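Colleague: I would like to learn how to read cores and pockets in a model. Please take me through one.

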Amino acid sequence: MTKIIIIAGSTRPGRFNMQPAQWFYSIAKDHPGIEVELVDLADINLPLLDEPVPASQNQYSKDHTKAWSKIVGSADGFVVVTPEYNHSMPAALKNAFDYLYTEWSFKPISFVSYGALAGGARAVEHLRGVAGQLNMFDIRDQILFPNYWEHLNEKGEYQFNERHAESAKAMIKTVAFWAEKMKEARKDIK
């Protein structure tokens with residue numbers, strides 16, 4: 001079965017990140033024919049890149065790298081949920097990408113982002129460059145939540161609407177399609 005991993009890309013205490021990550025997961029898990037897993041980088045808890053050999057050499061010496069490699073390697077595609085910090089992605093998210101190389105390669109990726117007026121768009125633009133360097137297939141579809149704090153109820157819960165849900169369904173359909181196609185194609189690369 002094709003496996004899609006949703007990565008919650010912020011580790012900041014009190015983060016909003018888990019709301020869109022869990023919301024997207026709740027929609028994606030209902031898509032037929034795929035397995036979906038939500039991975040929280042706060043739980044993975046990777047230290048600042050500490051492998052002595054570049055990831056492209058696939059010679060991991062640390063147990064946390066080997067565990068992360070197993071998680072990412074098991075996936076056929078990804079949806080990353082990211083905030084925008086200072087016009088870019090969170091350091092923990094970039095660090096998580098930098099730990100590995102081949103485990104990311106030839107797999108589709110798409111993004112859910114949030115932030116101020118740009119809704120995380122600038123973070124995603126930086127992530128698209130990282131994805132390209134890792135030989136990933138960057139899917140154009142993206143969900144943005146600009147000024148997300150303006151859409152929280154009195155309990156601090158984001159008020160997702162039907163338009164958001166339709167966008168999420170379309171995105172997971174595209175990611176699943178390309179994940180399945182690329183899963184077959186990756187057999188020819190090895």
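Modeller: This is a predicted model. Start with valine 79: beyond its neighbours within four places in sequence, valine 79 is in contact with Ile4, Ile5, Ile6, Ile7, Phe24, Ser110, Val112, Met171 and Val175.

Colleague: Which other core lies apart, and how many residues does that other core have?

Modeller: That separate core has 27 residues, including Ile5, Ile7, Ala96 and Leu127.

Colleague: And how should I read the largest nonpolar core: which residues touch the most other members?

Modeller: In soluble globular proteins, nonpolar side chains tend to be buried together. Here the largest nonpolar core holds 28 residues, and Phe24, Val79, Val112, Ile143 and Phe145 touch the most other members. At least two residues of this core come from each of strand 1 (2-8), helix 1 (18-28), strand 2 (34-40), strand 3 (77-83), strand 4 (108-115), strand 5 (137-146) and helix 6 (162-189). Helix 6 gives the largest share, seven residues.

Colleague: What lines the second largest pocket?

Modeller: A probe the size of a water molecule, rolled over the atoms, shows where empty space is left. The second largest pocket contains about 210 Å³ of space. Its lining consists of 20 residues, with Pro83, Glu84, Tyr85, Gly115 and Tyr148 nearest the centre. By class, 10 of the lining residues are nonpolar, six polar and four charged.

Colleague: Is glycine 132 buried, partly exposed or exposed?

Modeller: Glycine 132 belongs to helix 5 (residues 121-133). Its relative accessibility is 43%, so glycine 132 counts as partly exposed, given that buried means under 20% and exposed over 50%.

Note on methods
Residues numbered from 1 in each chain as written. Predicted model: local features only at pLDDT ≥ 70, side-chain atom pairs only at ≥ 80, totals over all residues. Heavy atoms only, no water. 1 Å grid on protein atoms, 1.4 Å probe; cavity = no way out; pocket = protein on both sides within 12 Å on 5 of 7 lines; lining within 4 Å. Points joined across faces, edges and corners; volume = space filled by probe spheres on them. Nonpolar A, V, L, I, M, F, W, Y, C, P; charged D, E, K, R; others polar. Core = buried A, V, L, I, M, F, W, Y, C linked by side-chain atoms within 4.5 Å. Buried < 20%, exposed > 50% of the residue type's maximum accessible area, 1.4 Å probe, protein only. Helix = DSSP H or I, 4+ residues; strand = E, 2+ residues; numbered from the N terminus. Contact = heavy atoms within 4.5 Å.
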